[in-house]
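User: I am new to this structure and would like to be walked through it with a few questions and answers.

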Amino acid sequence: MYNSTSGGYKGPRKMMLGSSPPPVTITKVFDAWSKSGSRACPSAHTDDEMIENENQSLRDRVADLEKKVHEQTDEIMCLRSTLADVLRRINTIEGARDTRKKSSSRTNHQPEHPFIASFPSSVVNSHSGGRATPTKEGVRLRHHHSDSARDVSKRASSYVPGRSPSATQISRRSAHYQSTSSLYSDGHSSSSVSPAPSPSPTHAQAQASHHPVHHARHTPSPSPFASPARPQQLGALNKRWASTSDFATPSHTARAHSPTPTNSQLSRRPNSGSLHNLNNLRSSTSQLNLTRHGAREAQYNPDEGVVKMYLRGRPLNLYVPTPMRETYNPSGPTAQPPAKLKLEWVYGYRGRDCRNNVYQLPTGEIVYFVAAVVVLYNVEDQMQRHYLGHTDDIKCLAVHPNKLLIATGQTAGHDRRDARSWRLNPPADPLSPEAEEWPHIRVWDSVSLNTLHIIGISDIERSVACLAFSKADGGSLLVAVDEAPDHNMSVWDWSRGERGYKLLETKCAADQVLAVDFSPVDRNTIITCGKNHISFWNYESGMLAKRMGIFENRERPKYVTSISFTDTGNVISGDSNGNLLIWQRGGNTVCKMVRGAHEGPVFSILVQKDGAIITGGKDGRIIEWDRDLERTGNVIEVPEQFGAPRVVTSGRGTQLVVGTTRNCVLGGTFTFPLRPVMQGHTEELWALAPHPSQQQFLTAGYDRTCYLWDTMAHTIVWSKDIGEHAQSAAFSNNGEIVIIGTTSGRWFVMDSETREMYSQHQDGNEPIQVLRFSPSGQYLAVGSRDNNIYVYQVSEDCRKYTRIGRCQAKTRKARYQSISSVGHSSFVTHLDWSADSQFLQSNSGDYELLFWNAGLCRQIVQTSQMRDVEWASNTCTLNFSTLGIWPEGADGTDINTCAKANQSSLLATGDDFGKVKVFAFPACNQKARCYEYGGHSSHVTAVGYLHDDSRLISTGGRDTAIMQWVVSAASSSPSSSSSHR
C-alpha cells in the first residue's frame with residue numbers, strides 16, 4: 001500500500017492492521033480494461049453481450065412490473081370507490097325500510113336492520129348518500145344585538161362539523177346533534193347534505209331557567225317529497241353535525257350559556273387517506289338548536305288595533321286584522337314552521353374566474369363548486385350530493401391522490417366592507433365557530449361528506465387562491481397560496497390534528513398567483529405560476545428554496561396561465577401568448593417550446609395516462625398533442641355560447657369533462673360533440689318566476705339571458721338572449737306568456753313556449769323592479785325604480801297591454817310651500833294584489849307600506865280600511881303578516897325577498913347574508929321561529945314556490961347560483977312547539 005507520509009509502500013501486514021486500500025476510480029478500471037483487452041480471451045466479448053442482454057431483460061421486466069403495479073393501484077382505487085358507492089346505495093334502500101317502520105310509531109325507536117348493523121358504524125353513516133354528514137352547519141342565526149355586531153359579522157355564523165371544542169368553548173355553546181331522519185326525495189332526487197334548520201332566539205338565557213326540557217328524538221311525518229331516514233349508530237365519541245330534519249329543544253344547561261352549538265370531544269382522526277378513515281366517523285342523537293328572530297319592541301295599541309314596529313329607528317304602523325284585535329300580542333307565542341327544506345339540486349358552476357375546479361371521481365361523480373356549495377354530480381344517475389361546510393364563496397378545489405379526500409378553499413366577502421380579513425378584522429377567538437366565517441381550507445371525505453380538518457383560519461388573510469396535495473409521498477402535504485397582497489404560500493401537514501400543522505410559510509410572488517402544484521416524481525418540488533413569473537421551489541429541512549424560471553432569449557409572457565407535468569417529471573406551462581413550454585426536470589430552463597399553440601391564453605393542460613397532452617385555450621379550442629408536443633389532429637371547437645374551456649379533465653374512458661368561462665360544464669370526446677352537463681348564469685341574478693301550472697321556473701339576470709328550467713329533469717327547457725340586463729319576470733296566469741323587465745325601463749312580452757316576442761313597452765328609464773299579474777288576469781302591475789307603479793289592462797290572451805294609469809307621488813300646494821301628500825318617495829321594491837284584483841299593496845326603498853285602488857290608480861290614505869283585505873300573494877316584506885321576519889337591528893334592506901306558499905301556511909324569505917328562512921304564516925309576532933338554511937354566498941335576490949308548493953326555488957345575486965329545495969312536512973313535537981314562548 002502507498003504511504004502518504006514516507007512516499008513508499010508498506011507490506012501486506014500493514015494493510016491487515018486496518019489501513020484502507022487505495023481508491024479505485026472508474027477511469028482506472030477502464031484503463032486497466034483497455035490494457036488487458038488485447039490479452040483477454042476471445043470469449044470476453046461474448047460474455048459482455050450476454051450480460052448486456054440480461055441487464056436489458058431485467059430492465060424490461062422491472063418496467064412491466066411497475067406498469068402492473070400502477071394498473072393494480074388504479075383498479076384498487078376504483079374498487080374502493082365502487083364499494084363506497086354500493087354501501088351508500090344499500091343504506092338508502094335499508095333507510096327506506098327503516099322510515100316505514102318509524103312512520104308507524106314516532107315514539108318508539110326501531111332497531112337497526114341486522115344487515116346494516118353488520119357493517120362498522122362509520123361505514124354505514126358515511127355511505128348514507130350524504131344524509132348524515134357533519135358538514136359545516138349553516139343554521140345558526142347571526143346575533144342581532146346591535147348594528148356594530150352585525151357589521152363585524154355580516155353573515156350568519158355556523159358551527160363546524162368534526163371539530164372538538166375546548167372546555168371553555170363548551171361552556172359557551174349549546175348542544176347540536178345529528179338528525180334521526182332525512183328529507184331526501186325519492187327517485188332521481190339528489191342526495192344532499194343540507195344545513196340544519198334553526199329557529200332563532202333572542203331570550204334563550206332568561207327562559208332557560210323556567211323551561212326544563214327532556215331530550216327526545218323526533219321523526220318527521222312521511223311526505224311524498226321526503227326520502228327515507230338512515231339507520232342510527234351511536235358511538236362513544238360524538239361528532240357535531242346536523243341535517244334539515246332537526247327540531248328539538250336544547251338542553252337546560254346548554255341554553256343557560258349560549259344559543260350556539262356544542263359537541264363532545266373528538267378523537268384524533270387517522271392520517272390515512274383510504275376507506276379506513278370511514279371507520280372513525282361517529283354519529284349522534286338528533287336535536288335542534290332553537291333560536292329566534294326579534295325586531296325592536298313593537299308597541300301595540302289595542303284600542304286602535306295598530307302595532308308600531310321600527311326599522312332603523314323609523315316607525316311603521318301596521319293594522320291588525322279585526323278577528324285578531326282582541327287577542328293579538330306582539331310578544332305572544334309563535335307557531336312552529338309547518339314544513340322544512342332540503343337542498344335537492346343546485347344549478348350553476350363557477351368557471352368565469354376560477355381554475356382547476358372540475359374533477360371526475362372514480363365513483364363516476366363530477367365534483368365542482370358554485371357559491372358556498374361543493375356539488376358531487378352523478379350524470380348517469382342524475383343525482384347530486386352537496387357539501388355545505390363553507391360559509392362564503394369557494395374559490396379553489398384539490399383532490400387527494402387517493403381520489404377520496406377533497407380540499408376546498410374559502411374566500412372572504414364580496415366587497416371591502418364585508419371582507420373577512422384576518423389582518424383587518426380578526427375574530428375574537430380563532431378557535432370559535434364564528435372564526436370559521438373567515439377564509440380557511442376544509443379537508444373532507446367525498447364519500448361521507450365528513451369534514452376532517454379545518455386549516456388556516458389564523459393564517460389566510462383574504463382568500464385561498466389555489467391548492468394542491470403532494471403526489472410523490474401519497475398526499476401527506478398540502479400547499480396553499482393566499483390572495484393577500486403578499487401572496488403568501490404555506491405548506492401544511494394537513495392530517496396532523498384537526499387544525500393541521502403549518503410547516504412553513506413564505507412570500508410567493510409580488511404579483512397574482514394563478515396555480516400551484518407538487519411534482520408527481522420529485523417529492524420536494526413545488527411549482528407556482530402567475531403574472532410575470534413561473535417559480536420552481538425546493539422544500540428541504542423546513543426551508544423553501546426558490547428559483548425563477550429563465551426564458552433566456554424567448555419572449556417573456558405577461559401571464560403564465562397553466563402548469564402540468566409529463567410522465568417523466570418535466571413541467572409543461574402555458575402562457576398568455578398561447579405558447580407551450582417544457583421545462584427540464586430539476587431545472588428552471590426551457591428545453592422545448594411550441595409557439596402559437598393557441599390564439600390567446602392557454603387556460604388548461606391535461607396530461608393523460610398514455611402520455612398524450614390535451615390543452616384548452618381562450619380561443620375556444622381543445623387540442624390533443626402527443627408526448628413530444630406534436631399535434632395528433634384531434635381538435636374540439638367549443639360552441640361560443642358555452643364560452644372558452646377554462647379547465648379540461650379526464651372523464652370515464654376517453655371522455656373529457658370541460659368547465660368553461662361561461663359557467664358551463666360540458667362532456668364529450670374528440671369523436672362525439674360536447675354536450676352540456678350543467679349550465680348557469682354568468683352575472684348577477686335577479687329575476688325569478690315559477691310557472692303557474694308546471695314544474696318549471698324562469699330566471700334572468702345581468703348576463704342578458706333568460707332560462708326556463710325543468711325541476712324534475714333538472715335541465716334547461718330553453719334559453720333566450722334578450723339583449724338587455726334583466727331585473728324582473730312574471731308568468732301570466734295561464735302560463736302562456738312571460739314578461740321580462742329590464743334595467744332600462746323596458747319590458748318584453750314573450751311566448752313561454754316559442755320564445756316569440758309579441759311586444760315591448762317602456763315605462764320610465766329606471767329598472768323595472770317588480771311585475772305582477774292580478775288574480776283575475778285582467779291587470780298587470782309594473783313597479784319601477786322611478787317610484788311609480790304602472791297599471792295595465794290585459795287583453796287578447798295576455799298579448800295586448802293598455803295602460804290604465806300610474807300610481808305616483810302627488811303634492812298639494814299650500815300658499816307658501818309644497819307638501820308631499822301621497823305616493824312613494826323612493827323606488828318600489830315589492831307589490832301584491834288583493835284576492836279580488838281591486839287593490840294593491842306596495843313597499844318602497846324607504847320602508848313604506850302603501851295601499852292603492854288599482855282601477856283608479858289612487859292611493860288609499862286611510863290604511864285602517866285595508867286591515868281585513870285578503871291578499872292573493874305576500875311578497876311585500878313590510879306588512880302585518882311579515883312583522884316577525886325582521887331581526888333586531890335590521891336596517892330595512894337586510895331582507896330582500898319573501899314569498900308565501902300557494903296552498904299552505906308557509907312563508908320563505910331570502911336575506912343579504914345568503915340565508916333562506918322558513919316561517920309559519922302569518923309571521924306577525926316578534927319572536928317568530930324559523931328554519932334557516934345556508935348555501936348561497938351572496939345576497940339572496942328572490943325566492944318562490946312552485947305551483948304545488950312541492951319545491952322552493954332561491955336565486956343568489958353575485959354567486960349566480962340557483963338552488964332547488966324540497967319542501968317536506970315538519971314533525972310536530974309537544975316539547976319543541978311549547979318551548980321558548
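**Contacts, strands and buried loop residues**

User: What share of the contacts in the protein chain with a separation of 6 or more comes from residues 24 or more positions apart?

Analyst: This is a predicted model, in which local features need pLDDT of at least 70 and side-chain atom pairs count only at pLDDT 80 or more, while totals for chains, interfaces and linings use all residues. Residues are numbered from 1 along each chain as its sequence is written, and side-chain values use heavy atoms, with hydrogens and water left out. A contact means heavy atoms within 4.5 Å. Among contacts with a separation of 6 or more, the share from residues 24 or more positions apart is 59%.

User: Is Leu629 buried or exposed?

Analyst: Leu629 is found in the loop between strand S29 (621-625) and S30, and its phi is near 60 degrees, a positive value in a residue other than glycine. Buried means under 20% relative accessible area, exposed over 50%, and partly exposed in between, with a 1.4 Å probe and protein chains only. Because its relative accessibility is 3%, Leu629 counts as buried.

Definitions and conventions
Helices (H or I, at least four residues) and strands (E, at least two) are DSSP runs, numbered from the N terminus.
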